[in-house]
Amino acid sequence: VAARGCGGVWRRAWRRGAGGPVPAPRGQRAVTCNAKGGAVPAGKSGLAPWVPVVGLEIHAQISSNSKLFSGSQVQFAAPPNALVSFFDASLPGTLPVLNRRCVEAAVMTGLALNCSINKKSLFDRKHYFYADLPAGYQITQQRVPIAVNGSLSYSLCIDNKMSQIVTKTVRIKQIQLEQDSGKSLHDDTRSQTLIDLNRAGVGLMEVVMEPDMCCGEEAAAAVRELQLILQTLGSSQAVMAEGQLRVDANISVHRPGEPYGVRTEVKNINSLRFLAKAVDYEIQRQIEELENGGTILNETRAFDSKLGCTVPMRDKEGKQDYRFMPEPNLPPLILYDAKSLPANMNHQQVVNIDWIHERLPDLPSVKRAKLVEQYGILPEHSFTLLNEDGLAEFFENVVKQTQMKPKKVIGWILNDLLSYLKQHSLTVKESPVSSFVLADLLNLLEKKDISSAAAKQVLAELWKGEGKTPLEIVKEKKLELIQDQKELEQICQAVIDGRENEVMMMVLR
Amino acid sequence: QEVTVDMLDHLEQLALVDFRDAEGVARLQKAIQFADQLHEVNTDGVEPMDSVLEDRCLYLREDDVTEGNCTKELLKNAREKVEEYFVAPPGNIPLPKLEERETFLQGF
């Protein structure tokens, strides 16, 4: 641990605004990052500043029809306990049966994150008592998970300007398959908890990210990229608001060159924004605590979004002993590739890693690169296009239907279309202006039938969604550009005649 | 290896088991001694087996919805229910500390 602390500092210490990661030479102050763009202050002691260390455990709900070990349905909103089988309710005599789709989802995700896929992985039981875990244990993969040793590249913009993009990498320790628990609804007035097992047994992929991040912004950016990857693969819909993507952060601070500090775990983070806030708050809290001579407890804390701070979670039971043991009802999970594929096996019983690899869709980073190459747009444009669901397709559709160069079209997409959608909280799919209509408008502009200013006026009119075509609006508001030379001369002459004196002053100056 | 009060207390907390009396603890002690015989076998270089199913094929199920929709039947098992929810206490009720609970271990 001590050895890692040293190497890690110089990798993480970078000066903001200098254009990228800058390793601070030994003996000088290592400036550590902070979401607001400044250095983490040295504190009263005047000693070297703190190095924050952030690791993440992310649970992504697998997008499948049925649960990980049973045939009950996976669905977000449903009457309580309607989507529960006897196995999910942990009735005696029931056994787990593994869902092939969940295995494929985990393999896809592992491959997309550059992991080694373990051809043999094992299932274990993790024991603890809680009302929403009817069996008293969760089936997970503690000893040998399905995928290990991957990496995720994500990007940050320096100084919140899109113009300077830095690429960072976080190591993926492992991905494991495990069961979700049911839901507890706390009824404090009646001093009871209501249990809904609809979610109990739903398949999860736990993605463990090594503590390679150093602030809230990095954590949020990494999770955002993971979210986009999962959505592109279709292995998880990864909507945080619906609990399909849950993030727990492990945070500690230490002085440069010293071993890692005691870490706390922060839970109950419901959005990317809150993730960044929670991480930054906890880093600050730990620094202040330590600088005031206090100590950090190895505890679990919850993020209170209203107060914007982390608070200790009710931990009446002390340190948990999960008593891991192999799941006796499940043999090892064996995966195959083209080489190891058995000759006579039922193909429904076979998960072929190579077959899945060949069918992986373009990941977001590849899509962005293709957009930049194909259309000549800037890298930061490609980020915005992919960041908004459906925007890249919209852009490409407009480009297909107009003669205007993509480099010009992108301005209309990002500045006009996107800002309008944001103002009215609409998704791209809900846009009152379709790609066809926008292309139509841009064609008028390209043919010089109207001016740029006029086009903006037409667009403003089109937002009303009254079904008029751009041409109709142009004619209605008489926005056509006058091309006739004679007519232009007449207008200019009229202006000069009317204001002869002022024109003379302008000419003589 | 002696079985200590702390160890027994820890087990009672984790597994919610009640050793009940001296005979129960003695039985536990004998069980541990019995299992300790395994240490007499030299297992150097031998891959541990943790399941007799280790060379069986793990059956993979198709992703079809085949179960569920039996709320009424499931709730029949519930001592208390509220509108199709199971009712549980507000949180885990931890076993009281050794000094505070009525267990044979007190006098152990």
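How much area do domain 1 of chain A and domain 2 of chain A bury between them, and what share of it is on carbon and sulfur atoms? In this predicted model, the two domains bury about 750 Å² between them, with 58% of that area on carbon and sulfur atoms. The division behind this question places domain 1 of chain A at residues 51-326 and domain 2 of chain A at residues 364-477. Their C-alpha centres lie 38 Å apart.

The contact between the domains can be followed residue by residue. On one side, nine residues of domain 1 of chain A take part, and they are in contact with 10 residues of domain 2 of chain A. One salt bridge is found across this interface. It is formed by the side chains of E225(A) and R368(A), with an N to O distance of 2.8 Å. Helix 3 of chain A, residues 216-233, gives the most to the side of domain 1 that touches domain 2, with five residues. Sorted by class, that side of domain 1 has four nonpolar, three polar and two charged residues.

Attention may now turn to a sheet within chain A. Three strands of chain A form an open sheet in the order 6-5-16, and their pairing is antiparallel. Strand 6 (137-140) and strand 16 (325-326) are the edge strands, each pairing on one side only. Strand 5 of chain A, residues 124-127, is joined to strand 16 of chain A by two bridges, and these two strands run antiparallel. Within this pairing, D124(A) has P326(A) in strand 16 as its bridge partner. In general, strands of a sheet pair through backbone hydrogen bonds, in either the parallel or the antiparallel sense.

Strand pairing also links the two chains. Strand 10 of chain A, residues 192-196, pairs with strand 3 of chain B in the antiparallel sense over three bridges. Here L194(A) has V87(B), in strand 3 of chain B, as its bridge partner.

How many residues of each chain are in contact across the interface of chain B and chain A? On the side of chain B there are 40 residues, in contact with 55 residues of chain A. Together the chains bury about 4100 Å², of which 57% is on carbon and sulfur atoms. L58(B), L60(B) and R61(B) supply 19% of the area that chain B buries against chain A, which is more than any other three residues.

One salt bridge is counted between chain B and chain A. R100(A) and E62(B) form a salt bridge in which the closest N and O atoms are 2.8 Å apart. The elements of chain B that give two or more residues to the side touching chain A are helix 1 (5-15), strand 1 (60-61), helix 3 (71-75) and strand 3 (85-88). Strand 3 of chain B gives the most to that side, with four residues. By class, the side of chain B that touches chain A has 19 nonpolar, nine polar and 12 charged residues.

Key. Residues numbered from 1 in each chain as written. Chains lettered and ligands numbered in written order. Predicted model: local features only at pLDDT ≥ 70, side-chain atom pairs only at ≥ 80, totals over all residues. Heavy atoms only, no water. Contact = heavy atoms within 4.5 Å. Buried area = accessible area lost by both parts, 1.4 Å probe. Salt bridge = Lys/Arg side-chain N within 4 Å of Asp/Glu carboxyl O. Nonpolar A, V, L, I, M, F, W, Y, C, P; charged D, E, K, R; others polar. Pairing = 2+ DSSP bridges. Domains from an automatic or database assignment.
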